[in-house]
Amino acid sequence: MSSVINMPAPPNPVEEFLRSDRMPHIWCPGCGIGTTVNCFARAVRQAKLDLDKLMVVSGIGCTGRVAGYMNLDSFHTTHGRAIPFATGLKLANPELTVVVYSGDGDLIGIGGNHFIHAARRNVDLKVICVNNFIYGMTGGQVAPTTPVSALTSTTRYGCYEEPFNLPYLAESSGAVYVARWTTFHVRQVAHAMVEAFRKKGFTFIEILSPCPTLYQRRNRLGDGLGAMEYYRDNSEIRHGANTKEVGITFQGPLVVGKFVDIERPTYLDLMNQQLARTLDAKYVGCTEEHVRS
Amino acid sequence: MKADPSGVLTGTHFLDGDQACGEGALAAGCRFAAGYPITPSTEIVERFAERVPLTGGLFVQMEDELASSIAIQGAVWAGAKAFTVTSGPGFSLMMEHVGLAAMTETPLVIVNVQRGGPSTGLPTLPGQADVMQARWGSHGDYEIIALSPNSPQECFDLTIDAFNLAEQYRVPVILLMDECVGHMTEKVVIPPADQIEIVPRRYTQRPPEEYQPYHPGPDLVPEMVKAGEGYRIHITGLTHDEHGYPAITVEAQQKLVRRLVDKIRRNADAIVRCEEHQIEDADVVVVAYGITSRVALRAVQMAREQGIAAGLLRPVVVWPFPEKRIRELATRARAFVVPEMNYGQLVLEVERCAAGRAPTVLVPHMGGTVHHPEEILQAILDLRVPDSGVPADVAR
């Protein structure tokens, strides 16, 4: 027995990607954000990315704290503005792989305008949206993703606003890659991230994730495990589904999968083409020597 | 270091202040601008957007001013010098990111070509009513630097100074133009690149294992790194420690906020800059900035013609305010006259520094056009005889 007890704990397989000196993290037991971070670390390893060139930009909120725990150049910006910060970072240094990692309230609520415009421009950003249907950090208020009839701290009698269907919003705004999974689908999440890393342009991955402290509890949906059971029993994998038809209802079926995977020139491709065509040799291009002092 | 010649349009030009500002940004080495169109600032980015592809950089038009004012921060961390340009309503939207830049010590320049306010106000006409907003507009305690040009030539020169000060102190620097200066066309001389001094970014020489992003140097300014070079920095708008990690404690707050403020306050003597006309023997000191300083100079000349010892003190750097100089002058001048295109903003600073030693008279103008020199002259004349009956609502 004692030999078993004395055995050293196995090393955390994704430790090299984390700022261990910042642990413990702030996330609640049963929260899915940590699961997505684990998937992210595995995807980064699988894609063999140069970690020095990999950036994580977050906004504000529970998922907004991801940037602070990743052992990468990481930026914790203002509420809703991770995408325009990331846009500046990417356009000023196209060699960087820029990931925007934030929550539904941050990216789609307060930051919705930036989201649709970055997708329209097809800025080469890897957007990961952890959707827990709620504003978690502030105590569980209604969000633009809250399903109709769900209870939140500001909809005590049930939500009556129609939520955004995020894959449909992303596709219609111009995203070149759109997928949705849940934190039950850890392999699929990591695989989707690898695919997004390998794709040029604005990619969007929605990850449905439990908030046991606020969303689950207030709606009597059980704990984190209860959410896993719901995801397992109600998810239907439908690759290539019409995104118009993948909206989410309260505890209803969840359509998951890869919905969009198309080719479209990025903002920088189009800018360089247009300027080179119009200015010929006079176009200098965005060179390291000039842009980055 | 000297300016990169690719951005310097050396020669004598006939430019408006907006265009001169755009040229100043290029000469300063700025190769990234993000903006959202707003009158009367648009000519700055129009000029920049036309010229920057020829010098190796880019302009991106964002979806709003919130986006513009943070896209430039991403660009700065990628290694670019960057700016954005706006006017009152857009400046209000940018306040959140003035705070972020102050907190994360991100060097950048925001140009505000002031128009009449509040709200949509007078889109095509001048105002100077954003002076206090420039200093205090974002929440929390912080310091910025603000410069106020009064000619197209200065729109060029002070834009370069703004970038240099931003790099020197790692603060957002605000160029407080106004519609008159922005749309006034005059001779602008752009010197050869080797005569333009540029402050390079204060990059660290330390290896990653010895580097802390917010460990300050002797002047309280920390050294910077560029994203993508293996330093694995964390930058946050939360109160943070010297590692850059969030630290939600009383101690971290005391240490960080004091330093953010003190790095400007303690270096104020090096930053403050005034232009003075006939101050040596001045009985009445007119304090005016931006376009109003040109009208005020005429009023001072008219007063001198009438035998009144008037002088002009013009803060070129508006923030930090030239406190020391006003305190000195308050001991020997009889009064201060402060004309400004608002209902009393910088006059409060003059009055604070005069501290009752010399009365301070506001000559307000709500904006839309500049003062008449006669209005300022009248305020000077009213001060001729002590106790001459300056109306109570004017004598502050």
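**Close-up views of a predicted model**

**View 1. Helices H11 and H12 of chain B cross at roughly 55°.** In this predicted model, the axes of H11(B), residues 323–330, and H12(B), residues 346–354, come within 8 Å of each other. Angles of 65 to 115 degrees would count as roughly perpendicular and those under 35 degrees as roughly parallel; H11(B) and H12(B) are therefore oblique to each other. The crossing of H11(B) past H12(B) is right-handed.

**View 2. Residues of H11(B) and H12(B) form the contact between the two helices.** H11(B) contributes B:Glu323, B:Ile326, B:Arg327 and B:Ala330. H12(B) contributes B:Val350, B:Cys353 and B:Ala354. By class, the contact has 5 nonpolar and 2 charged residues, and no polar ones.

**View 3. An open sheet of 9 strands includes strands of chain A and S10(B).** The strand order is S7(A)-S8(A)-S5(A)-S6(A)-S4(A)-S3(A)-S1(A)-S2(A)-S10(B), and the pairing is mixed. In general, strands of a sheet pair through backbone hydrogen bonds, either parallel or antiparallel. The edge strands are S7 (235–237) of chain A and S10 (234–236) of chain B, each of which pairs on one side only. On average, neighbouring strands of the sheet are turned by 20° against each other, direction ignored.

**View 4. Strand S2 of chain A pairs with S10(B).** A:Ser74 has B:His234 in S10(B) as its bridge partner.

How values were computed
Residues are numbered from 1 along each chain as its sequence is written. Chains are lettered from A and ligands numbered from 1 in the order in which they are written. This is a predicted model: local features need pLDDT of at least 70, side-chain atom pairs count only at pLDDT 80 or more; totals for chains, interfaces and linings use all residues. Axes are lines fitted to C-alpha atoms, for helices over the stretch in contact, and angles run from 0 to 180 degrees between N-to-C directions. Helices (H or I, at least four residues) and strands (E, at least two) are DSSP runs, numbered from the N terminus. Angles under 35 degrees count as roughly parallel, over 145 as roughly antiparallel, 65 to 115 as roughly perpendicular and the rest as oblique. A crossing is left-handed if the near helix is turned anticlockwise from the far one by less than a right angle, and right-handed if clockwise. Two residues are in contact if their C-beta atoms, placed from the backbone, lie within 7 Å. Ala, Val, Leu, Ile, Met, Phe, Trp, Tyr, Cys and Pro count as nonpolar, Asp, Glu, Lys and Arg as charged, and the others, Gly among them, as polar. Two strands pair if DSSP finds at least two bridges between them.
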